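Got your viewer open and a hand on the selection tool? Let's take a walk through this model, one stop at a time.

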Amino acid sequence: LGLDMEELEEIEEDAGLGNGGLGRLAACFLDSMATLGLAAYGYGIRYEYGIFNQKIRDGWQVEEADDWLRHGNPWEKARPEYMLPVHFYGRVEHAATGAKWVDTQVVLALPYDTPVPGYMNNTVNTMRLWSARAPNDFNLRDFNVGDYIQAVLDRNLAENISRVLYPNDNFFEGKELRLKQEYFVVAATLQDIIRRFKASKFGSTDSVRTVFDSFPDQVAIQLNDTHPAMAIPELMRIFVDIEKLPWNKAWDITKRTFAYTNHTVLPEALERWPVDLVEKLLPRHLQIIYEINQRHLDHIASLFPNDVDRLRRMSLIEEGGTKRINMAHLCIVGSHAVNGVAKIHSEIVKTQVFEDFAALEPEKFQNKTNGITPRRWLLLCNPGLAELIAEKIGEDYVRDLSQLTKLHEFVDDDLFIREVAKVKQENKVKFALYLEKEYKVKINPSSMFDVHVKRIHEYKRQLMNCLHIITMYNRIRRDPAKLFVPRTVIIGGKAAPGYHMAKMIIKLINAVAHVVNNDPVVGSKMKVIFLENYRVSLAEKVIPATDLSEQISTAGTEASGTGNMKFMLNGALTIGTMDGANVEMAEEAGEENLFIFGMRVEDVTELDKEGYNAQKYYDQLPELKQAIDQIKSGFFSPKEPDLFKDVVNMLFHHDRFKVFADYEAYVKCQEKVSELYLNSKAWTKMVIRNIAAAGKFSSDRTIKEYARDIWHVEPSDLKIPPPNEPRDAVEDKTPNGTAA
């Protein structure tokens, strides 16, 4: 048709239905589950407005609504025939036959299905996203007969449930609409699962009632963080109130069905819903949670008599001030497996965050290190590198990424070294052109592309990167004649709209960039760019062009990280702390092939014990003092000298993430990076060693571990015949297994 495929791809909107790592991980998992032939469904909400579009105006983040459905979405199919009711509010009546939840408000959940194709295996799974619809008699069945127009307009109240994604990453905001969203997705999904179970040959009925004994053998439900935790009391409500199962049987089935993945240890991210809000919105669920808690605490008390402090620590209900439900505790008690997302994180989960629970049931706690899909994060975004690898080791690695270890044979192959460097250079030139078009700055494509892209958060320490930029700038100005390894520093990411400090960090980076980029002494030695509106489609452009990947969170704060893996697979070297999956990347590639610096978890713990004193570092490190004094004095904001006083004050007096404590080690480590970059061949050999060690970080490996250790299903590499071939040839070759 004379159309350009790349141009078409640029037009398509991202489905920005997640905030950061959590949503992207789910997408990689769906790709791997389909590729491994698992009968798996991804359930979520079809937000009308996804994560906001970020504009930078005068250096500040400005949010715009992400109207991603404006031009329609060709990949989805509405399925009104599977529409389901979801109930809110109301009250509970207790009768001889059991509890009844009555006088509720009903919202309909309309499913939209999106196909999830496996890689070259003719398997197509389903992602089912729920959209909220008001029933047609909404506000018209009650006595307000008069105002018909207002009643129709009020349908928006119900339909607002799926209107917009809450834009917080690693932060809990206890809003009623958010709790409605969480229950909405859970209630619709569980009805869907039970409908499917009853329709299958396993949902056998004796006389009238379905027998649910085989339910956990046929259904596994993975809770992606605590956001769908209400599924636990909801399944109990269905079993006890509706299906009339005895409590103990219902609880046994429920526990064997659910497994919980923890994604963060930051206390401000843990969901703690006020009891009075849950009582108003979901009165029956609160009663069920109280009953779960009572039986749980009775059990603890029988094991540890008179240990009231342990009961307080392990309760699902937190007393003191406003009573709250600890959703993580609910998930642990209601699941048969709990996992963290990297070795170090799973250890912290077991030994610190949930130590009482792990002491009680150590066998419940597992690790499942995160991964990324090599289809999107290599083949699709970096075809040049993917092709080069295939020439050396064949094409099978796309399905079995562990085969990348075969590249170790070519680490001294001069031709291969040159080709790897050439692919990187081509990717850099292409991205440099994109930057020049979008940002009107001249980029030196032979400079080191130093990239720090992720959500803006204090724990991810974009501020530490900023201090390094200022330090490099000061060194260039102090001695302009001295050899300096040129860098293009690229920082990108969104700040939650209500997160004041994160927004100030963006403004500071842009203020520093303005000074650096317009200083004639610096010239082409250094450029600083803040990447606007970082999202998946932009990650696919920047990651293949990156030389240095910044993974510099305070040890013990980043549960895993997945961007780190994407950079490793695409031929960047990593500068990072021993945090999250960085630890395992260093283990796989050899610590000497990453630029590891800074405090370990033990050092952070030690520093907390003695008390972190930021002033000490400021007094002892002249370059740090200079950088901070410049920020404080208005060197980067001459029109508003005290613009960054909040940032400086935080760094001195309440920096939970200890930027100053790692500053010196970070700057010294960056010097080693620059030194290696001067030796192109040595750099590229280290790149090859990293790519060769990246195989572990495929989400295929992650999903195989979930399948075997938690869901008890076997992945199948059977290629289903395409629909145009007769089916009888392969009848009964697919083993019956759980649907995850």
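What follows is a list of stops, each with something to select and a note on what is there.

Before you click, know that this is a predicted model, in which local features need pLDDT of at least 70 and side-chain atom pairs count only at pLDDT 80 or more, while totals for chains, interfaces and linings use all residues. Residues are numbered from 1 along each chain as its sequence is written, and side-chain values use heavy atoms, with hydrogens and water left out.

**Stop 1: the start of the chain**

Select Leu1, Leu3, Met5, Leu8 and Ile11. Together they make a nonpolar surface patch with about 650 Å² of accessible area. Patches are built from residues with over 30% relative accessible area and no salt bridge; nonpolar side chains (Val, Leu, Ile, Met, Phe, Trp, Tyr) are joined within 5 Å, and like charges within 9 Å. The areas come from the Shrake-Rupley method with a 1.4 Å probe, and for residues only the protein chains shown count as cover.

Now pick out Ile11, which sits in helix H1. Helices (H or I, at least four residues) and strands (E, at least two) are DSSP runs, numbered from the N terminus. Is Ile11 buried or exposed? It is exposed, at a relative accessible area of 62%. Buried means under 20% relative accessible area, exposed means over 50%, and partly exposed is in between (1.4 Å probe, protein chains only).

Next, select Asp4, Glu7, Glu9 and Glu12, and you have a negative surface patch. For charges, Lys and Arg count as positive and Asp and Glu as negative, while His and the chain ends are not counted. Each charge is placed at NZ of Lys, CZ of Arg, CG of Asp or CD of Glu. Glu12 is in the loop between helix H1 (5–11) and helix H2 (21–35), and with a relative accessible area of 45% it is partly exposed.

**Stop 2: salt bridges**

How many salt bridges does the structure hold? There are 65. Each is a side-chain nitrogen of Lys or Arg within 4 Å of a carboxyl oxygen of Asp or Glu.

Start with Glu6 and Lys430, whose closest N and O atoms are 3.3 Å apart in a salt bridge. Glu6 belongs to helix H1 and Lys430 to helix H17 (residues 414–439), so this pair ties together parts that are 424 residues apart in sequence. Glu6 is partly exposed at 45% relative accessibility, and Lys430 is exposed at 52%.

Then jump to Lys198 and Glu243, a salt bridge of 2.7 Å from N to O. Lys198 is in helix H5 (residues 176–199) and Glu243 is in the loop between helix H7 (231–242) and helix H8 (247–257), so the pair links parts that are 45 residues apart in sequence. Lys198 is partly exposed at 35% relative accessibility, whereas Glu243 is buried at 9%.

Another pair to show is Asp217 and Arg256, with 3.6 Å from N to O. Asp217 lies in helix H6 (residues 215–218) and Arg256 in helix H8, so parts that are 39 residues apart in sequence are tied together. To see a whole network, select Arg79, Glu81, Asp113, Arg128, Asp192, Arg195 and Arg196, which are joined by salt bridges that share partners.

**Stop 3**

The expected span is 1.5 Å times one less than the number of residues. Since 16 of the 18 residues of H19 are buried, it is largely enclosed by the rest of the structure.

Helix H10 (residues 283–303) comes next: its 21 residues should span 30 Å, and the end C-alpha atoms are 31 Å apart, which agrees. Its buried residues include Leu286, Ile289 and Ile292.

**Stop 4**

Most residues other than glycine have a negative phi. Tyr89 is in the loop between strand S5 (84–88) and strand S6 (91–95), and it is buried at 18% relative accessibility.

Finish at Lys440, where phi is also positive, near 50 degrees. Lys440 sits in the loop between H17 and strand S19 (448–453) and is exposed, with a relative accessible area of 67%.
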